[in-house]
Amino acid sequence: MNEKFKVGILGATGMVGQRFVLLLENHPWFKPVCVAASGRSAGKKYAEAVDGRWKMDVPTPDYVKDMPVLDMDKDFDKIVSMVDFVFCAVNMPKDQIRALEERYAKAEVPVISNNSANRWTPDVPMVIPEINPEHLKVIEAQKERLGTKRGFVCVKPNCSIQSYTPAINALLEFRPKLVVATTYQAISGAGKTFAQWPEMEGNIIPYISGEEEKSEREPLRIWGKVVDGKIVPATEPVITCQCLRVPVLNGHTAAVFVNFERKPTKEQIIDKWTSYKGLPQEMKLPSAPAQFIQYLEEPDRPQVRMDVNFEHGMGISLGRLREDSVFDYKFVGLSHNTLRGAAGGAVEIAELLAAKGYLTGEEEKN
């Protein structure tokens, strides 16, 4: 990239927005030029807006401390004039998010969204770059619908599915038929720290609103096909999930059971996992892990404390693969929910979009 793309962060004061702020510091392709949030934070310097609310384990970067927080609604024209594209990590009702994202897209500002509001819009790609980069071609149909030349919305999927969907994807040639997964999800997935949610210490909550439906349905959309400008979800494998909130800060763990049409050997499975590479690895995108999936032989791995930051939080850790008395196999997966599962995954999507020519600079915007 000869010149860096100018980037805005919508919802910059929340937990995922803060993670974007960290990830974009000194990014080789992207330069954050504005931060935006709701009217409650607008007009303040960023450091002031997040004072007492900074949830990361490293200090607020110097580059953003004095940036004024813009109102993503009232300062819309100003933001549009400043950026080549935006990341969206807002906390609003879904209908308002859809309207906000489409407004920016129609103003010729591509939106890479961490939100769920547009995940089932038929012509909006929902992407894990290592798995379904071909879904990006649906953007052309979306731009035709929106009447835009460069504006569109692209979304990342739910954070919890990252802990098992890549593992199943690497084994699709063996035709998985049934997947049963229970996810043990960190509190940062709810935008919380233990200081904000002390009742989670020593506690498990066996319910996360909407999470089981997302966990069962979103992998099928990722494995779907683009047909006539729309993404048609796959129908197999059948997936059923339970999702629990557990007293962990970062890292979603999944216990997974799977049946295959053609049962592979254990050695075949491990080979498929550890050798798996996707387009981001081939293109050497800046945020792409060199090794997407690792398999750990130790019987007590993966563990959050030891493995959640594998490949800077962008890799998937698997372990405890063994045959089951009811299913063909069972295993345990782990992914970092605010890196691979949220802001990091969105940054990698943006890198893929840039590398594939879907993001363009100011000269193409006007």
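Because the model is predicted, local features are reported at pLDDT of at least 70 and side-chain atom pairs only at pLDDT 80 or more, whereas totals for chains, interfaces and linings use all residues. Residues are numbered from 1 along each chain as its sequence is written, and side-chain values rest on heavy atoms, with hydrogens and water left out.

Secondary structure elements are DSSP runs numbered from the N terminus, with helices taken as H or I over at least four residues and strands as E over at least two. Two strands are treated as paired if DSSP finds at least two bridges between them. On these terms, 6 strands form an open sheet of mixed pairing in the order β10-β7-β11-β14-β13-β12. Its edge strands are β10 (238-245) and β12 (293-296), each of which pairs on one side only. Neighbouring strands of this sheet are turned by 20° against each other on average, direction ignored, where axes are lines fitted to C-alpha atoms, for helices over the stretch in contact, and angles run from 0 to 180 degrees between N-to-C directions.

Within the sheet, strand β14 (residues 329-335) is mostly covered, with 7 of its 7 residues buried; buried denotes under 20% relative accessible area, exposed over 50%, and partly exposed the range in between, for a 1.4 Å probe and protein chains only. In a regular strand the side chains alternate between the two faces of the sheet. In β14, Tyr329, Phe331, Gly333 and Ser335 point one way and Lys330, Val332 and Leu334 the other way, and all are buried. Strand β11 (residues 252-260) pairs with β14 in the antiparallel sense over 7 bridges, and His252 stands opposite Ser335 in β14. Strand β13 (residues 316-323) is likewise antiparallel to β14, over 5 bridges, with Leu318 opposite Gly333 in β14, and a hairpin of 5 residues joins β13 to β14.

Strand β7 (residues 176-185) pairs with β10 in the parallel sense over 8 bridges, and Leu178 stands opposite Val238 in β10. Helix α8 lies across β7 and β10 and runs at about 145° to β10. Helix α9 (residues 266-275) packs on the sheet and touches β12, β13 and β14, its direction making about 140° with that of β12; contact here means heavy atoms within 4.5 Å.

Grid points are joined across faces, edges and corners, and a volume is the space filled by probe spheres set on the points. The largest pocket has a volume of about 1,100 Å³. It is lined by 45 residues, of which Val90, Asn91, Asn115, Gly189 and Ala190 lie nearest its centre. At least two lining residues come from each of α1 (15-23), α5 (94-106), α8 (211-222) and α12 (339-355), and α1 gives the most, with 4 residues. The lining of the largest pocket divides into 14 nonpolar, 22 polar and 9 charged residues, where Ala, Val, Leu, Ile, Met, Phe, Trp, Tyr, Cys and Pro count as nonpolar, Asp, Glu, Lys and Arg as charged, and the others, Gly among them, as polar.

The second largest pocket holds about 340 Å³ of space. Of the 15 residues that line this second pocket, Asp57, Leu249, Asn250, Asn309 and His336 are the closest to its centre. Helices α1 and α11 (304-307) each supply at least two residues of this lining, which comprises 6 nonpolar, 5 polar and 4 charged residues.

Most residues other than glycine have a negative phi, and most peptide bonds are trans. A cis peptide bond joins Glu236 and Pro237, with omega about 0°, and Pro237 is found in the loop between β9 (230-232) and β10. The bond from Arg301 to Pro302 is also cis, with omega near 5°, and Pro302 is found in the loop between β12 and α11. Arg175, in the loop between α7 (165-169) and β7, has a positive phi of about 55° and counts as partly exposed at 38% relative accessibility. Asp228, in the loop between β8 (225-227) and β9, has a positive phi near 55° and is exposed, with a relative accessible area of 77%.

Note on methods
On a 1 Å grid over the protein atoms alone, a cavity is a set of points where a 1.4 Å probe fits but cannot get out, and a pocket is an open set with protein on both sides within 12 Å along at least five of seven lines; lining residues have an atom within 4 Å of a point.
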